[in-house]
Amino acid sequence: MKTSTRRPLDMLCQQYRAVVLHHDEQMLRVAIAQDASSIAEMTEALRFATQCRVEVEQWPPARLEQYAPCANPDAVREQPPAESAIDAVEAILTQAIQRRASDVHIEPQQHGLRVRLRIDGVLQILTQLPDVAPAGLIARLKILASLDIAERRLPQDGQFSITLTEKSASFRLSTLPTRYGEKCVVRLLQSEAHSVALEKLGMPAPLLRLYREALAKPQGLILVTGPTGSGKTFTLYSGLSALNQPEKNVCSVEDPVEIPLAGINQTQIHTRAGLDFNLVLRSLLRQDPDIIMVGEIRDAETAEIAVKAAQTGHLVLSTLHTNSTSETLTRLGQMGIPGYLLGSALKLIIAQRLVRRLCAHCRQPAEALAHFPPAVWPGTLQTWRAPGCDHCFSGYYGRLALFELLPINGKMQNAIAAEASADQLLVLAQQQGMRNLFSEGLLAVSRGETSLDEVNRIVGIEHG
């Protein structure tokens, strides 16, 4: 490949999301997504830029995501070295966006650098790395996030937005000193609010109705719980978007602001400047709010302010890192919130997880199991498996959410006020018809949406 054509070719492939399969003086062969509508336009542009014959292959999206140029020696030789750390960062982040990654892990090793992308909750090594010094790559990221590039001994956090493939993208950066240098984790943030809607949560209709009923209440506390990476933020923003009306004053305090929502007063905390959750929350209560969203309840003081706000005419939405709805009640009690306050404030608790979705193109029925207790799954359970194909490679493509909802009715409110134990609360919740996350996972397995192994991996094996 001529050096003069490398940069235009690279830019055109990024623009059209194409992958170079082969390039010599006579012929260029590229792959593009099956549903691409601009093949003719791209072909003409590539022909003009390279002055050679252009062949185009149409691939399933998953095959494009998984394509590793290292498997093709010709492609490796034709990959141009990055001209600078700026190009290297753009190349890595562009690949992360194209492959639907949620996080990018940039990790210095004893010999070189390892970059991994978290796709559908699982880390995958990025084999196509730009030819740039690791220190320069990390320094570029720190400059983008307005961090101190000279400080390598302490962790730092920041946020930045840049334009990639003609679209603005937002990221959160976290650095951590390790044995061989600074490790960086880049979280991809959603910069557009168009997809934040209750209907896109994938919540079953009966559970979605419970969520809507809680959102329609004039005051109270709605909690979304689960570990990191379980989709809590999306559920919270979906509820907030549904409440976003001109006649309502909707305010939020977040760390950071992950999805900009027009019409909502979003405040990002800044701990170094002394602007923490508690200070912002107290100030918000003097801003005549109708609805308050607290990004996360991290300590007893934040929990106390949120509960009191929910009792004084405000609808409060927040998240908490707990594993189930009943454990959430126990955790808040451990934070020092009295049962009589908690029972009257709480309206709904949502616990959730994200599991990988079986590929619809290669999934097939597997064995039927009948070893579950009747309370967990009556009768036999039809399981499914997917061996992998050109559409998915791994048997999975995308993710779906599992939800466990606990509405706080009169009986539950009295039990919380009486400081009932976690086991007693769980029994009462089950008597009221609550299905736990494992049971919801088995429903998804029976429908062929995910595998039993995946439910066990994410939710845990529960047979009671």
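The model is predicted, so local features need pLDDT of at least 70 and side-chain atom pairs count only at pLDDT 80 or more, while totals for chains, interfaces and linings use all residues. Residues are numbered from 1 along each chain as its sequence is written, and side-chain values use heavy atoms, with hydrogens and water left out.

**Domains**
- The protein chain is assigned domain 1 (5-68), domain 2 (85-189) and domain 3 (198-459), with bounds that come from an automatic or database domain assignment.
- The centres of domain 1 and domain 3, taken over C-alpha atoms, are separated by 43 Å, and the contact (heavy atoms within 4.5 Å) takes seven residues from domain 1 and five residues from domain 3.

**The three-stranded sheet**
- An open sheet has the strand order S1-S2-S3 with mixed pairing, where strands (E, at least two residues) and helices (H or I, at least four) are DSSP runs numbered from the N terminus, and two strands pair if DSSP finds at least two bridges between them.
- Strand S1 (19-23) and strand S3 (53-59) stand at the edges with a single partner strand each, so one side of each is left without a neighbour in the sheet.
- From one strand to the next the twist averages 20 degrees, with axes being lines fitted to C-alpha atoms, for helices over the stretch in contact, and angles running from 0 to 180 degrees between N-to-C directions.
- S1 and strand S2 (residues 27-33) are antiparallel and pair over four bridges, and Val19 stands opposite Ala31 in S2.
- Helix H2 (residues 39-50) packs on this sheet and touches S1, S2 and S3, its direction making about 145 degrees with that of S3.

**Pairing around S9**
- Strand S9 (residues 181-189) pairs with S4 in the antiparallel sense over four bridges, and His105 stands opposite Val185 in S9.
- Strand S8 (residues 167-178) runs antiparallel to S9 and is joined to S9 by nine bridges; Arg172 stands opposite Arg187 in S9.
- S8 and S9 form a hairpin that has two residues between them.

**The cavity**
- The structure holds one cavity of 30 Å³ or more, a cavity being a set of points, on a 1 Å grid over the protein atoms alone, where a 1.4 Å probe fits but cannot get out.
- The largest cavity has a volume of about 30 Å³, a volume being the space filled by probe spheres set on the points.
- Its lining residues (those with an atom within 4 Å of a point) are Val89, Ile92, Leu93, Val104, Ile106, Leu137, Leu141 and Val186.
- Helix H5 (85-98), strand S4 (101-108) and helix H6 (134-144) are the elements that give two or more residues to this lining, and the largest share, three residues, comes from H5.

Terms used:
1 Å grid on protein atoms, 1.4 Å probe; cavity = no way out; pocket = protein on both sides within 12 Å on 5 of 7 lines; lining within 4 Å.
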